[in-house]
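Here is a short report for a reader meeting this structure for the first time. Please look over the sequence and the model before reading on.

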Amino acid sequence: MQTLTPNTDLFHAKRRYFTCSTQTSTIIPTKPLSVFPARKTNREHLRNLENVLKTSSNSIDNFNVKVSSRQDKTTTLLEGLNLARLWPQVKAAVDEMSPKNLKRLQRLLSKSSEERSPKNKLGSKWRELHGLNNWAGLLDPLDQNLRRELVRYGEFVQAAYHAFHSDPEGSPRDVALPDGSYKVTKSLYATSSVRLPKWIDDVAPDLRWMTKQTSWVGYVAVCDDPKEIRRMGRREIVIALRGTATLLEWSENFRPNLVSMPEPKPDPSDPTRPKVECGFNSLYTTVSQHAPSLADSLVAEISRLVDLFAGEELSISVTGHSLGAAIALLAADDIAERVPHAPPVSVFSFGGPRVGNREFADRLDSKGVKVLRVVNSQDVVTKVPGIFTDNDNNKQGQNRNNGGIREMVERNNPWAYSHVGAELRLDMKMSPYLKPNADVACCHDLEAYLHLVDGFLASNCPFRTNAKRSLRKLLDEQRSNVKVLYTGKSLRLNRGTVLDYGDVLPSPSSS
């Protein structure tokens, strides 16, 4: 048997003619590899790698430039947004739409909800609340007991409005007082001295009440509940007067010249005599054919009540809105002058105009009559009539005797008016519920005033978050001036739906 011996030389000879290709799995013949071409290839790879690195570096630089540019634009955009200014509004929106505040909003918008601030026992504090110290330290920030008293007096005036509109041609049969502790003792009527042509009644017979010479303007009420008397620390007599309603009352409003007040021994040549607006004085002092003047009937009733409750601690609170606020000052002056042994007299007015000159203001102050005027900064009625700046708007410490020429002009000018007493100034823009551009009627509306009083804390504080007064009446009377956010919510409540806590709503201050 022949043995086969492999030819190793041939194997090795052929072996070096084969190499493995990295591109395919097939073995193909090639030339022997040389060392020098391999070195050249490495250099090329290094050179190519260097080019790649340079290109990547340029791309990264370009990317960084683009990113930096975007960051600059973003920074500019964020600076333009002014997040420091927006953050309080964003936070307010989150707080306002929290479940707790939504429940409060549902309560305020509900027709059946009528929550009131608690009545504290006043005791001897009532004198301070009625101006013993001219309300020093009680207005800004607003004392909580004084806030409740102001809202209560405003509701007495609202009762006068409602009673009049229930029967404008005659005498209201019933006055729905907001406080059951009081009872009405006297209806009050004011007579105008303006005479209109008779043909006006023929043109509009259904509106004859608008041209009546004598109209019902308010009432006198007295507290007769022993428990309430103990809480307040005295028995209170309240005089409530409504604002302008009839055509003749509007006519009296536009008689702005000053006339002298009646005095025991008047001196017509004395320029320092107290003077008041002609129209207001006419409504207060004019006698009708069938009834005495408002002045005489009011003084007679207060004198009767003072005699009836002789020996008790009494107070007289005169409150009114608009025209009623003006007549309230005349009534307070008259009571202090003509009622024997008159108790302390205080006036709480809402949206009242100027009534008299500087001497009239001094006269009230000398008689001990305390006056607190609640004023809305956007209410134009509180800025008329008159030409010159009021003395209470002058800088503190300014001497009244300075500026002799100006003082002489003021004393002899028939339109030189001055405000009276202390002032609680409100701002419609502080309410989160009312539009900041509310119209003139809303700025003068009594319910809007009570809404602002109920929410006022201080001039440098936002609206009170725990305000108790319902928004229903404000919505009914001033819906067009309430922010859309709350009118929409009220409509859903009226349909019987409940506030949805999932709603995302804007901040009250932004709509």
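## A term to start with

A residue is called buried when its relative accessible area is under 20%. The model shown here is a predicted one.

Seven of its seven residues are buried, so strand 10 is largely enclosed by the rest of the structure. Both of its faces are covered. On one side lie Lys370, Leu372, Val374 and Asn376. On the other lie Val371, Arg373 and Val375.

## The chain overall

The chain has 511 residues, and 43% of them count as buried. It holds 18 helices and 11 strands.

Which strands form the open sheet, and in what order? Seven strands take part, in the order 3-4-5-8-9-10-11, and the pairing is mixed. Strand 3 (182-191) and strand 11 (422-426) stand at the edges. Each has a single partner strand, so one side of each is left without a neighbour in the sheet. From one strand to the next, the twist averages 15°.

Strand 10 (residues 370-376) has parallel neighbours. Five bridges join strand 10 to strand 11, and the two run parallel. Val374 has Leu424 of strand 11 as its bridge partner. Strand 9 (residues 345-350) also runs parallel to strand 10, with five bridges between them. Here Ser346 stands opposite Lys370 of strand 10.

A helix covers part of this sheet. Helix 11 (residues 294-308) packs on the sheet and touches strand 3, strand 4, strand 5 (235-241) and strand 8 (314-321). The direction of helix 11 makes about 160° with that of strand 3.

## The nonpolar cores

In soluble globular proteins, nonpolar side chains tend to be buried together. The largest nonpolar core in this model has 58 residues. Leu146, Tyr219, Leu372 and Leu424 have the most contacts inside it. Helix 6 (residues 144-166) gives the most to this core, with 11 residues. A second, separate core has 43 residues, including Ala190, Ala295, Ala326 and Phe360.

What does Tyr219 touch beyond its sequence neighbours? Leaving out residues up to four places away in sequence, the partners of Tyr219 include Phe156, Ala159, Ala160, Val175, Leu177 and Val184. Also among them are Lys186, Ser187, Leu188, Val238, Ile239 and Ala240.

## Gly218

Gly218 lies in strand 4 (residues 214-223). Is Gly218 buried or exposed? Gly218 is buried, because its relative accessible area is 0%. With residues up to four places away in sequence left out, Gly218 touches Ala160, Lys186, Ser187, Leu188, Ala240 and Leu241. The C-alpha atoms of Gly218 and Val157 are separated by 8.0 Å, though these residues are 61 apart along the chain.

## Two helices that cross

Two packed helices are described by the angle between their axes and the distance between the axes. The axes of helix 10 (residues 278-285) and helix 12 (residues 323-338) come within 10 Å. They cross at roughly 65°, and the crossing is right-handed.

Which residues meet at this contact? Helix 10 brings Phe280, Asn281, Leu283 and Tyr284. Helix 12 brings Leu323, Ala326, Ile327, Leu330, Ala331 and Asp334. By type, the residues of the contact divide into eight nonpolar, one polar and one charged.

Most residues other than glycine have a negative phi, and most peptide bonds are trans. Some places in this model depart from that pattern. A cis peptide bond joins Asp140 and Pro141, with omega about 10°. Pro141 lies in the loop between helix 5 (126-129) and helix 6. Another cis peptide bond joins Val384 and Pro385, with omega about -15°. Pro385 sits in the loop between strand 10 and helix 14 (404-412).

Asn134 is not a glycine, yet has a positive phi of about 60°. Asn134 is in the loop between helix 5 and helix 6. It is partly exposed, with a relative accessible area of 44%. Ser322 also has a positive phi, near 60°. Ser322 is in the loop between strand 8 and helix 12. Ser322 is buried, with a relative accessible area of 11%.

Definitions and conventions: Residues numbered from 1 in each chain as written. Predicted model: local features only at pLDDT ≥ 70, side-chain atom pairs only at ≥ 80, totals over all residues. Heavy atoms only, no water. Core = buried A, V, L, I, M, F, W, Y, C linked by side-chain atoms within 4.5 Å. Buried < 20%, exposed > 50% of the residue type's maximum accessible area, 1.4 Å probe, protein only. Helix = DSSP H or I, 4+ residues; strand = E, 2+ residues; numbered from the N terminus. Contact = heavy atoms within 4.5 Å. Pairing = 2+ DSSP bridges. Axes fitted to C-alpha atoms, helices over the stretch in contact; angles between N-to-C directions. Left-handed = near helix turned anticlockwise from the far one by under 90°. Nonpolar A, V, L, I, M, F, W, Y, C, P; charged D, E, K, R; others polar.
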